[in-house]
Amino acid sequence: MKSEKEQQLIEQAYAEMKKYRDMVEKDYYRLHYHLMPPVGLMNDPNGLIHWNGVYHVFYQWMPFHTGHGAKFWGHYTSCDLVHWKQEKIALAPSEWFDKNGCYSGSAIDNDGVLTLFYTGNVKDEYGNRQTYQCMAMSKNGIDFEKKGVVVTLPDGYTAHFRDPKVWKKEKNWYMIVGAQSNSLDGRAVLFRSKNLFDWEYLGAIAGGNLNRLGDFGYMWECPDLFELGGQEVLLVCPQGLKAEGMKYHNVHQSGYFVGCLDYETAQFFHGAFTELDRGFEFYAPQTMLDEKGRRILIAWMGVPDQDEDKHPTVAHRWVHALTLPRELKLKDGKIYQKPVEELQMLRKDKIAYSGVTIANEEIMLEGINGDVIELYLENIHLLGDMEIAIRSEVRLIYNSGERVLTLERKSFANGLTEKRQCYLEYLHSLHMFLDTSSIEVFVNGGEEVFTARFFPHKNNQTISFAANGQLVFDIEKWSL
């Protein structure tokens, strides 16, 4: 049973949804096939799990305004990763151990019981933080009962200790938590349990100034550890990295290490850190394994502290969304991301051109435009440079001489042009998803990905193609 305080908070959140429903739904920038908050602020995806044939996505949610604060867990379900149902609110910040926020966490199937782990955030009247790793359970996957604290803060860490991800390995359960050490290094910390209630601290498996990594940020958020392609992958979000060439240009970063975890000694032997997404808005990724054996990732289409209050949607009482679900594969030590194949169910009104040739000019193709569309360019052959201009707000540019791919946009914060880039030896294909105010670009079958929000005028739905030199490609477009 939920406590009286939790029931009250949930009723207040539903009242807020009802009060602002019309204002939210009238916003042109609402997305058509991405998960968004019904009102207020959405951030980290939580508790991703494929359970009893249903995909569950929980998410950090502040229903009462478009800033951060004492977070709830919202909840969506789907049978196909395309059509989503808004479920009852799963968690509200109501108890002594989570009164200032039910922060991020994960979900497992424990003998048929859908079990959530999350961070309870607590602050005193002076702003001093305490943190607890908590558990909640549900037999039907919809109604959750809190079970309280299962892990308290171990020695050697500040109260920035959160985002538990739990999984089973042979007969033991493991939990990895994002942390900040007393020396102000980001850490990923491992625990072990046989019953989910009693957890043994095993130590930090990775972090700044460990494993020959050197300084690497003051806090690591949202860790996720899983097997992929016969190796272990650790996803993590380091805060405090400085820009380095084309890397680390967002306020906070998301990426991964590939390596091997020794479960007995709690040591993770890993390679270099690689960013997961090269765009402007991508953070807090989490994965799940589905019944088809796929490792599927969803992330927050936003970044903390990065002009969040400047999004035009704030005027309509909502902000942020989640990315499309992406299937992960590991090839030669690198993660490739591809949109899940179920998204093809959205396709309609196909338009295709083969052998489009552009030589030192800019063109538009009849029917290749729109605001809620999928574009797929393949068999790209380029001598020189190419550019795709999207709705006068975004440009995708490939310089074949410098081997650099650039995503450029007009900043929604100040109107100035800003860019994100990566090195790319060759450009073979571009797979783009546009959804009124978002773009996700999958490059060369997911070798690189760019995710961004942008806010064009609704009457401008033009897309143009240009080449300085010669460009040949095939293109398919679908309305979605």
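A residue is called buried when its relative accessible area is under 20%, exposed when it is over 50%, and partly exposed in between (1.4 Å probe, protein chains only). By this rule Trp173 counts as buried, because its relative accessibility is 7%. The structure is a predicted model, in which local features need pLDDT of at least 70 and side-chain atom pairs count only at pLDDT 80 or more, while totals for chains, interfaces and linings use all residues. Residues are numbered from 1 along each chain as its sequence is written, and side-chain values use heavy atoms, with hydrogens and water left out.

Trp173 is a friendly place to begin. This residue lies in strand 10 (residues 172-181); strands (E, at least two residues) and helices (H or I, at least four) are DSSP runs, numbered from the N terminus. Contact here means heavy atoms within 4.5 Å. Not counting residues up to four places away in sequence, Trp173 touches a set of residues including Ile108, Asn110, Trp167, Phe191, Arg192 and Trp199. Phe191 is 18 residues from Trp173 in sequence, and their C-alpha atoms are 8.3 Å apart in space.

Helix 1 comes next. Its 22 residues, 4-25, reach 31 Å from the first C-alpha to the last, close to the 32 Å expected; the expected span is 1.5 Å times one less than the number of residues. The helix has a kink of about 45°, centred on Lys19, where the bend at a residue is the angle between axes fitted to the seven residues ending there and the seven starting there. Among the buried residues of helix 1 are Glu6, Leu9, Ile10, Met17 and Tyr20. The buried residues of this helix pack against strand 2 (54-62), strand 3 (72-78), strand 4 (84-86), strand 8 (145-151) and strand 20 (318-319).

The interior can also be described through its nonpolar cores, each a set of buried Ala, Val, Leu, Ile, Met, Phe, Trp, Tyr and Cys residues joined through side-chain atoms within 4.5 Å. The largest core has 46 residues, of which Tyr33, Trp61, Phe72, Leu322, Leu343, Phe433 and Leu480 touch the most other members. Two or more residues each come from helix 1, strand 1 (40-51), strand 2, strand 3, strand 18 (283-289) and strand 19 (295-300). Helix 1 gives the largest share, 6 residues. Leaving aside neighbours within four places in sequence, Leu322 is in contact with residues including His34, Met42, Val57, Ile298 and Trp300. A second, separate core of 37 residues includes Met386, Leu407, Leu427 and Leu434.

Side chains of opposite charge can pair when their charged atoms come close. A salt bridge is a side-chain nitrogen of Lys or Arg within 4 Å of a carboxyl oxygen of Asp or Glu, and by this rule the count comes to 28. One of them joins the side chains of Glu227 and Lys169 (2.8 Å, N to O). Glu227 is in strand 13 (residues 219-228) and Lys169 in strand 9 (residues 157-169), so the pair ties together parts that are 58 residues apart in sequence. Glu227, at 45% relative accessible area, is partly exposed, and Lys169 is partly exposed at 25%. Another salt bridge is formed by Glu200 and Arg192 (3.1 Å, N to O); here Glu200 is partly exposed at 41%, whereas Arg192 is buried at 19%. The side chains of Arg409 and Glu281 also meet in a salt bridge (2.8 Å, N to O). This pair links strand 26 (residues 404-410), which holds Arg409, to the loop between strand 17 (274-275) and strand 18, which holds Glu281, 128 residues apart. Both Arg409 and Glu281 are buried.

Salt bridges also link Lys2, Glu6, Asp98 and Lys146 in a network. Lys146, in strand 8, is buried, with a relative accessible area of 14%. Its side chain makes a polar contact with the side chain of Ser94 (3.0 Å). A polar contact is a pair of N or O atoms within 3.5 Å; within protein, one must be able to donate a hydrogen and the other to accept it, and residues adjacent in sequence count only if both atoms are side-chain atoms. A polar atom of the Lys146 side chain also lies 2.5 Å from the backbone oxygen of Ala92.

Phe97, one of the residues in contact with Lys146, is found in the loop between strand 4 and strand 5 (102-110). Phe97 counts as buried at 8% relative accessibility.
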